Amino acid sequence: MSTRHDTAASPLKGGAAPGRPPRGTASASAKDREERRRKKLSRRWQRDMRWSPYAFVAPFFLLFLAFGLFPLIYTGWASLHQVELTAPTDMNWVGLKNYTRIFDDDFFWNAARNTLTIGIISTVPQLLMAMGIAHILNYKLRASTFYRVAMLAPYATSIAAASLVFVLLFGRDYGMINWALDLVGIDPVAWQDDKWPGQFAVSTIIIWRWTGYNALIYLAAMQAIPQDLYESAALDGANRWQQFLHVTLPSLRPTILFTVVVSTIGASQVFGEPLLFDPNKGASGGAEHQFQTLGLYLYEQGWINQHLGRASAIAWMMFLILIVIGIINYVISRRLRASS
Amino acid sequence: MRARTLPLSRQRTNGGKLFTRKALAVAAVVSLGTGLLAGCADDGGDKDSDSSSDGKGKTTVTLGLFGTFGFKEAGLYAEYEKLNPDIKIAENVVERNENYYPALLNHLTTNSGLQDVQAVEVGNIAEIVETQAGKLEDLSKVEGVNKSDWLGWKWEQATTKDGQTVGLGTDIGPMAICYRKDLFEKAGLPTDREELGKLWAGDWAKLIEVGEDYQKKAPKGTTFFDSPGGLMSAVLSSEEKRFYDSSGEVIYKTNPAVKKAFDMTAKAAEDGLVGAQTQFQPSWDQTIANNKFAAMSCPPWMLGYIKGKSQPDAAGKWDVALPPKAGNWGGSFLAVPKSAKNAEEAKKLVAWLTAPAQQAKLFKVQGSFPSAQSIFDSPEVTGAVNDMTGDAPIGEVFAEAAQQIPVQVIGPKDQIISQGLGDNGVILVTKGKSPKEAWETAVKTIDNNLDK
């Protein structure tokens, strides 16, 4: 804050502008009055300067309290009860039962495993492909803006529309992918029914949607790398691949860490793609829950089966798992930073 | 900003200009504010839920529906508005009941966001009667409502133990067997609906036998029945007791009728009589479009679905025969929440919409089979035909099936149990699991879903 309080007009009176110049013809009493007025205003300005910032940030915190903190705490409270959606106000205290039950709930751990495997087979190829695409886009290209916008198109597409198209592509009997496989002599794959094909198909939707987004992040970071580094590397005789390995990658390290963290969080909350991949059964994630993620299981318990207490406990378990993932990420990134 | 505010702040010395500035500011704020308010009012007008009357002093009665009820398509709203010039009707439709029902429960339990009339699907009516009756109006005492108009069991489904009727039936789903005449003929089976009805009358096992005959000479790539889930739910819906006993206990695991239906379907799936499909999925729709099965259990509304998914050349190739045992699949109710803005008007509207005369009109246009037994003999019903079934008198067949529907014990979680048995159970047999494994998976899933 470099504004001078005594000369700045109160924001109430038309913005923080310097005061007008004193008038030469003013009498003594008028001067006195002017003085008092100034003092009064200055007190008001001081109060204003002191409290206004809080007022300006208050909306966020009020909204956060109402829609962030309160639901979080209330969910915790509900998770200690048996509550049904049919009567959300009738709560039966059951203590930690909803949590202890999770430990031998096969469906929960199945969902947790699915979340992990879908997370890995979607995040790893996604980030590698994003890196490759960003590297290519970083070269001088004709119509590069077009390619960059095109990269973002899947991200801008509605997830529902995209998933429905993928469901048709991956259809077992009349899907285009099985038709293409058939052309090269491969037997049709039951994409929705079998575990690994199902998870692979769901991952494809995620990869399709997020690769361009990550590529643009990488591209932005690549463009911030000083050109001289490449020039000097070229003078030292490094080819394109060596330049990528020894100049681009090390400079991108913080960006890569960022995308890894964001993608991990996204992967642990995967919901829409598997839900829509099975438009009928939806939340059960396939006949044998073969691609039911934690998010889906939570939704199934809460909104299909109407067990709000159990769903709340699952939500808190997911929260705890996310915290663990966050800590692991933090440790790894600190190691990496130390090693560089 | 500063550069621009500086000259303006200088103008404060000039009283007149100050006034104009203030006036301008006030005008700006007012117009902005009214603009915002107008925006809000527009929103309300869209849904018609917040405004109970429009500019001309008319009362707007709102309906919350799912899927296609067809009131509008059958011209019933226009007719009612003509009869009652001070009423306007607006509907708010959610495509799928899975999305509609949780929201309805939410709105009922919080007493907010409710429309004046709310539809309830038959799969949810037991839960609504059991848990939400206190929030809904008793419709049995509304003027013009005669209990005797409805099929007895339909009326009972929406009535609490102490006699409060929370919903009036709109339609029912008497099940018949729809079959492809051309495919039956190619497989050397009879194609006459009466002959077929007699062939499998009385026992689902006889239908399976016909299926075995079909499969022996089946046209390449086709199966007899559409899906294991469809077959099993047809068998189950002709049972009086399925998943709950009359005292409200869950008995699906121990009920021999359920196990028998499951095993019968699993066997049919093992023998390849049914396609490896789950109903209402895109790939199932494609089997309709590609004529991949010869028969399915079908309530009247299914004919509309078949029409929607078929190629044009399939029209007229279907026919409808009586099922081995009659059952019910589908049907809805209209309820009026106590906290509705226009509860009184809504009750009148519901009574009119569900009256026999209107149900007959709805059947004619939409194919929703009436739940009013008093019009089963009316020409609208008996004379009905359908594009897909050519000149077959489907009205007579469905009316006969409707009169044989048993009084069924329905429970609050019927949907979860039946979906678990089909989508998480018997379907697995088509994927190489043994019937025993499939049953165990189904039971495990259902028990987990029922456990509070």
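Me: Before we start, how are helices and strands assigned here?
Reply: Helices (H or I, at least four residues) and strands (E, at least two) are DSSP runs, numbered from the N terminus.

Me: And what kind of model is this?
Reply: This is a predicted model: local features need pLDDT of at least 70, side-chain atom pairs count only at pLDDT 80 or more, and totals for chains, interfaces and linings use all residues. Residues are numbered from 1 along each chain as its sequence is written, chains are lettered from A and ligands numbered from 1 in the order in which they are written, and side-chain values use heavy atoms, with hydrogens and water left out.

Me: Where does A:Gln199 sit?
Reply: In helix 7 of chain A, residues 195-223.

Me: Buried or exposed?
Reply: A:Gln199 is buried, at a relative accessible area of 0%. Buried means under 20% relative accessible area, exposed over 50%, partly exposed in between (1.4 Å probe, protein chains only).

Me: What is A:Gln199 in contact with?
Reply: Contact means heavy atoms within 4.5 Å. Leaving aside neighbours within four places in sequence, A:Gln199 contacts A:Asn114, A:Thr117, A:Ile118, A:Ile121, A:Gln290 and A:Phe291.

Me: Switching to chain B. How many helices and strands?
Reply: Chain B has 19 helices and 10 strands. Of its 452 residues, 53% count as buried.

Me: What does B:Val258 touch?
Reply: B:Leu236, B:Arg242, B:Phe243, B:Tyr252, B:Leu421 and B:Trp439, not counting residues up to four places away in sequence.

Me: Now salt bridges. How many over all chains?
Reply: The structure holds 22. A salt bridge is a side-chain nitrogen of Lys or Arg within 4 Å of a carboxyl oxygen of Asp or Glu.

Me: What does A:Arg101 pair with?
Reply: B:Asp451, with the closest N and O atoms 2.7 Å apart. A:Arg101 lies in helix 2 (residues 97-103) of chain A and B:Asp451 in the segment after helix 19 (435-450) of chain B, so the pair joins two chains.

Me: Are those two ends buried or exposed?
Reply: A:Arg101 counts as buried at 13% relative accessibility. B:Asp451 is partly exposed at 34%.

Me: Which residue does B:Arg193 bridge to?
Reply: B:Asp319, at 3.0 Å from N to O. That pair links distant parts of the chain, 126 residues apart: B:Arg193 is in helix 8 and B:Asp319 in strand 8 (residues 318-321), both of chain B. B:Arg193 is partly exposed at 23% relative accessible area, while B:Asp319 is buried at 4%.

Me: And B:Lys348, what is its partner?
Reply: B:Glu345, with the closest N and O atoms 3.7 Å apart. They are three residues apart in helix 14 (residues 343-353) of chain B, so about one helical turn separates them. B:Lys348 is partly exposed at 47%, and B:Glu345 is partly exposed at 22%. Separately, salt bridges with shared partners join B:Glu137, B:Glu344 and B:Lys347 into one network.

Me: What is phi at B:Asn291?
Reply: About 55°, a positive value, and B:Asn291 is not a glycine. The residue sits in the loop between helix 12 (282-289) and strand 7 (293-298) of chain B. At 26% relative accessibility, B:Asn291 counts as partly exposed.
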